[in-house]
Amino acid sequence: MPHSELMPIGVFAQRTGLTSSALRFYADSGLLPPAEVDPVSGYRYYAADQVLRATALRRLREIAMPLAAVEAVLNAGADEAARLIDEHVAKIVDDAAAARQKAAALKSVLGGEVPGLLIAVLKGPVLADAVEQVLTATAHEPGMAVLAGLHIEARPGALALTATDRYRLSTRTLVPARPTEQTWAGTIDGDDLRAAAATVRRSALVRIEAVPHGIRLRMPERADRHCRLLSEDFPDHRLMLACLGEVSTRATVPKDLLLRALEEHPGDRVTLHVCDQGVTVQPSHDEDPRVQLPATVTGAALQIRFEMTTLYPAVSTAIGPDVMVDLRGHDGPVTIRSADRGDLTTLAMPVTFAPSA
């Protein structure tokens, strides 16, 4: 191949974001050999069709993938490459969570065991379920870490868990297994709580203790889990709940039937028509069938539209066989909760549209 069809190593380095020294290293390791080497000068040349491989190599190294794994990804098909990348990222996440736990334990040793303020004692499976249910209303947004957190409020005889992504708000109140008289409030890192949930679920009882910069979850015969406290102020959810308007329409719908209708709905938005005959999941297109659901409805008939990513999690985490939906017109926040248990409540914001649309 003539040199005119190839790129000198310096040009190739600029095209791919790799340094010339890195290209020499990857050539010597066999990951990215040059297309041609000048036999006299030893100068290396690369072909245009090597840019994609070189760019992928750089990006894989940027996520700290070992050379052997990089080679496996570059030589694999698309599906296998995706699987290998997912495995690597999962390991990084697990390692980071383990490092945080070890760091918290190390700080306790270096600074002496810090006595914790007992917030509550709860059954592990109950606490794990509540954490996972409420955390469905979180979101990771740059500059707003608090929206990925779980707000905990402890008061005598009750522990309230709340999360919001500004489109949904979920809150659940738990009754401690053992009564305490402490009052405490703080917002805890949601990812830390998710990482601890599996261990919490396998523990009969969990002691939640407030410690500097977070909470400590103490479980019999298991290592303590530390979860970080977020410094941002949590949105004033109490004011949000207090300012809700009057309920204009109430529908009680079988949860499983509503979930199935949402799962089979083809669009990313779903429109519900609520009237005294029941709840109808409207089609996205004229050729799609309507889905009529049995429901007990009181109040005015109306149509309301949701993003699927807002409505589905709110319904799926509801407790019990029937879901009670309180509506405040076609553009007001909707309350979704169990028809017979009120300890988990979710607010969901609809998509605004003209009622006649």
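## How α6 and α7 pack

Helices α6 and α7 run roughly antiparallel to each other, because that label covers angles over 145 degrees and their axes cross at roughly 155°. In this scheme, angles under 35 degrees are roughly parallel, 65 to 115 roughly perpendicular, and the rest oblique. Helix α6 spans residues 124-134 and α7 spans residues 190-201, and their axes come within 8 Å. Axes here are lines fitted to C-alpha atoms, for helices over the stretch in contact, with angles from 0 to 180 degrees between N-to-C directions. Helices (H or I, at least four residues) and strands (E, at least two) are DSSP runs, numbered from the N terminus.

This is a predicted model, so local features need pLDDT of at least 70 and side-chain atom pairs count only at pLDDT 80 or more, while totals for chains, interfaces and linings use all residues. Residues are numbered from 1 along each chain as its sequence is written, and side-chain values use heavy atoms, with hydrogens and water left out.

The crossing of α6 past α7 is left-handed, meaning that the near helix is turned anticlockwise from the far one by less than a right angle; clockwise would be right-handed. On the α6 side, the contact (heavy atoms within 4.5 Å) uses Gly-124, Pro-125, Leu-127, Ala-128, Asp-129, Val-131 and Glu-132, and on the α7 side Leu-193, Ala-197, Val-200 and Arg-201. By class, that's seven nonpolar, one polar and three charged residues. For the classes, Ala, Val, Leu, Ile, Met, Phe, Trp, Tyr, Cys and Pro count as nonpolar, Asp, Glu, Lys and Arg as charged, and the others, Gly among them, as polar.

## The nonpolar cores

The largest nonpolar core has 31 residues, and the members touching the most other members are Ile-119, Leu-150, Leu-159, Leu-161, Ile-215 and Leu-217. A core here is a set of buried Ala, Val, Leu, Ile, Met, Phe, Trp, Tyr and Cys residues joined through side-chain atoms within 4.5 Å. Buried means under 20% relative accessible area, exposed over 50%, and partly exposed in between (1.4 Å probe, protein chains only). Elements supplying at least two residues each are β4 (117-123), α6, β5 (149-155), β6 (158-164), β8 (184-189), α7, β9 (205-211) and β10 (214-219). Helix α6 gives the most, with five residues.

Take Leu-217: setting aside residues up to four places away in sequence, Leu-217 touches Ala-196, Val-200, Val-206, Arg-207, Ile-208, Asp-224, Arg-225 and Cys-227.

Leu-135 sits in the loop between α6 and β5 and is buried, at 3% relative accessible area. Leaving out residues up to four places away in sequence, Leu-135 touches Leu-150, Gly-190, Leu-193 and Arg-194.

## α3 and its two partners

Helix α3 (residues 51-62) has its axis come within 9 Å of that of α1 (residues 9-16), crossing at roughly 60°. That makes α1 oblique to α3. The pair's crossing is right-handed, and the contact comes from Phe-12, Arg-15 and Thr-16 of α1 with Val-51, Ala-54, Thr-55 and Arg-58 of α3. That contact has three nonpolar, two polar and two charged residues.

With α4 (residues 67-74), α3 packs at an angle of about 140°, the axes being 10 Å apart. Here too α3 is oblique to α4, and the crossing is right-handed. Helix α3 contributes Arg-53, Ala-56, Leu-57, Leu-60 and Arg-61, and α4 contributes Leu-67, Val-70, Val-73 and Leu-74. The tally is seven nonpolar, no polar and two charged residues.

## Positive phi and an exposed strand residue

Arg-166 isn't a glycine, but has a positive phi of about 80°. Arg-166 lies in the loop between β6 and β7 (168-174) and is partly exposed, at 49% relative accessibility. Glu-221, also not a glycine, has a positive phi of about 65°. Glu-221 is in the loop between β10 and β11 (222-228) and is exposed, at 87%.

Ala-223 belongs to strand β11 and is exposed, with a relative accessible area of 59%. Its C-alpha is 9.2 Å from that of Thr-199, 24 residues apart along the chain.
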